Amino acid sequence: MPIIVNLDVMLARRKMRSNELARAIGISDVNLSLLKTGRVKGVKFQTLEAICRHLSCQPGDILAFEEAESGPNGGA
């Protein structure tokens, strides 16, 4: 997937555990874990805003775009 979630990096920088952040922003530990591992199809701006506010960071600190590698036939 070309979108990389770096939430675990930000949590480590802030010396915070996932369950602490989940409680602070009002989402379940399971949903935060799914987001952290990139196993979601989307994220609400409201959730992203709450994460950024609580971690004092920007969305670009959490999400990154990485170009997919091309296969031998030029496709991904």
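This is a predicted model: local features need pLDDT of at least 70, side-chain atom pairs count only at pLDDT 80 or more; totals for chains, interfaces and linings use all residues.

User: Is Lys 15 buried or exposed?
Analyst: Lys 15 has a relative accessibility of 77%, so it counts as exposed.

User: Zooming out. How many helices and strands are there?
Analyst: The chain has five helices and two strands. Along the sequence they follow the pattern β-α-α-α-α-α-β.

User: And how much of the chain is buried?
Analyst: Of the 76 residues in the chain, 22% are buried.

User: Which residues of H4 are buried?
Analyst: H4 covers residues 45-55, and its buried residues are Thr 47, Leu 48, Ile 51, Cys 52 and Leu 55. They lie on the same side of H4, because they cover an arc of only 130° around the axis.

User: Why would residues spaced like that point the same way?
Analyst: An α-helix has 3.6 residues a turn, so residues three or four places apart point the same way.

User: What is on the face of H4 turned away from the buried side?
Analyst: That face carries the exposed residues Phe 45, Gln 46 and Arg 53.

User: And what covers the buried residues of H4?
Analyst: The cover includes the helices H1 (7-13), H2 (18-25), H3 (29-36) and H5 (59-62), along with strand S2 (63-65).

User: Back to H2. Which of its residues are buried?
Analyst: Leu 21, Ala 22 and Ile 25 are the buried residues of H2. They span an arc of only 100° around the axis, which puts them on the same side of H2. These buried residues pack against H1, H3 and H4.

User: OK, at what angle do H2 and H4 cross?
Analyst: Their axes cross at roughly 115° and come within 10 Å. The crossing in which H2 passes H4 is right-handed. On the H2 side the contact is made by Leu 21, Ala 24 and Ile 25, and on the H4 side by Ala 50, Ile 51, His 54 and Leu 55. By class, this contact of H2 with H4 has six nonpolar residues, one polar and no charged ones.

User: And H2 with H3, which hand is that crossing?
Analyst: The crossing of H2 and H3 is right-handed. The axes of H2 and H3 come within 9 Å and cross at roughly 115°. Ser 18, Asn 19, Leu 21 and Ala 22 of H2 meet Asp 29, Leu 32 and Lys 36 of H3. The residues of this contact of H2 with H3 are three nonpolar, two polar and two charged.

User: How many residues does the largest nonpolar core have?
Analyst: The largest nonpolar core has 16 residues. Those with the most contacts inside the core are Leu 7, Leu 21, Leu 32, Ile 51, Leu 55 and Ile 62. H1, H2, H3 and H4 each supply at least two residues of this core. H4 gives the most to this core, with four residues.

User: What is Leu 7 in contact with?
Analyst: Setting aside neighbours within four places in sequence, Leu 7 is in contact with Leu 21, Leu 32, Leu 35, Lys 36, Ile 51, Leu 55 and Ile 62.

User: Last one. Where is Leu 34, and what does it touch?
Analyst: Leu 34 is in helix H3. Its relative accessible area is 28%, so Leu 34 is partly exposed. Not counting residues up to four places away in sequence, Leu 34 touches Arg 39 and Val 40.

Methods. Residues are numbered from 1 along each chain as its sequence is written. Side-chain values use heavy atoms; hydrogens and water are left out. Buried means under 20% relative accessible area, exposed over 50%, partly exposed in between (1.4 Å probe, protein chains only). The arc is that of the directions from the helix axis to the C-beta atoms. Contact means heavy atoms within 4.5 Å. Axes are lines fitted to C-alpha atoms, for helices over the stretch in contact, and angles run from 0 to 180 degrees between N-to-C directions. A crossing is left-handed if the near helix is turned anticlockwise from the far one by less than a right angle, and right-handed if clockwise. Ala, Val, Leu, Ile, Met, Phe, Trp, Tyr, Cys and Pro count as nonpolar, Asp, Glu, Lys and Arg as charged, and the others, Gly among them, as polar. A nonpolar core is a set of buried Ala, Val, Leu, Ile, Met, Phe, Trp, Tyr and Cys residues joined through side-chain atoms within 4.5 Å.
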